[in-house]
Amino acid sequence: MKALDVVASEWGARFSGRLFPCAIGRGGRTAAKREGDQASPLGCHRVIGMLYRSDRIARGALPDWAKPIGPFDRWSDDPRDAEYNHYLPGAGAGTYSSERLARPDPLYDLILITDYNWPFAEKGAGSAIFLHSWRRPRYPTEGCVAFRLQDLIWIANRLRHESRVIIR
């Protein structure tokens, strides 16, 4: 482990010498992640992207590499889709199941995308493992790691290329 790694468990997440409360998947943690199991995948994952709601978070509050979420952007979560576990900018609702990123609630106001099961996704091995805002303190996710928005912004601004997300 390095100081620039986000190390998360059901007790919280350590990053850059600080401890943050967080939430993990309702299904706990697993080494055998499957689509829909609501578990967080154990292991070491890189942050490969950052998306945010530009109508809710000011551009200057995030690093330059953060990209705004468009109104029709989605994430494929259907193992039958050739684009399974990939970002679908401007896709709108299509033939396959996908998750809308411009949600009415604040969960995806800021998304840090991990490389879990990406870029060559194993069908059914789980998709859309993000760091995002929590619904409320410690409320479980569907497999992601969730934080208070202010903490997530703080983390996002201090991530480096070598930073990893380690779920223990």
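Trainee: Which residues form one aromatic cluster in this predicted model?
Mentor: Trp 75, Tyr 87, Tyr 108 and Phe 130 form it.

Trainee: What sits over the ring of Tyr 108?
Mentor: The charged end of Arg 103, 5.1 Å from the ring centre. A charge sits over a ring if, among other conditions, it is within 6 Å of the centre, and 5.1 Å meets that distance.

Trainee: Why is the pair of Phe 15 and Trp 154 called edge-to-face?
Mentor: The planes are 85° apart, and the name applies over 60 degrees. The centres are 6.3 Å apart, against a limit of 6.5 Å for a pair. By this rule the count comes to five aromatic pairs.

Trainee: What does the pair of Phe 15 and Trp 154 tie together?
Mentor: Phe 15 lies in strand β2 and Trp 154 in helix α1, so the pair links parts that are 139 residues apart in sequence.

Trainee: Why does Phe 15 count as buried?
Mentor: Because its relative accessibility is 1%, and buried means under 20%.

Trainee: Which residue lies over the face of Trp 154?
Mentor: Arg 18 does, at 4.3 Å from the ring centre.

Trainee: How many residues does the largest nonpolar core have?
Mentor: That core has 25 residues. Leu 112 is one of those with the most contacts inside it. Elements that give two or more residues include β2 (12–15), β11 (110–114) and α1 (149–156). Helix α1 gives the most, with four residues.

Trainee: What is Leu 112 in contact with, leaving aside its neighbours within four places in sequence?
Mentor: Its contacts include Val 47, Met 50, Phe 130, Leu 131 and Leu 152.

Conventions
Residues numbered from 1 in each chain as written. Predicted model: local features only at pLDDT ≥ 70, side-chain atom pairs only at ≥ 80, totals over all residues. Heavy atoms only, no water. Core = buried A, V, L, I, M, F, W, Y, C linked by side-chain atoms within 4.5 Å. Buried < 20%, exposed > 50% of the residue type's maximum accessible area, 1.4 Å probe, protein only. Contact = heavy atoms within 4.5 Å. Phe/Tyr/Trp six-rings, centres within 6.5 Å; stacked < 30°, edge-to-face > 60°. Lys NZ or Arg CZ within 6 Å of the ring centre and 35° of its normal.
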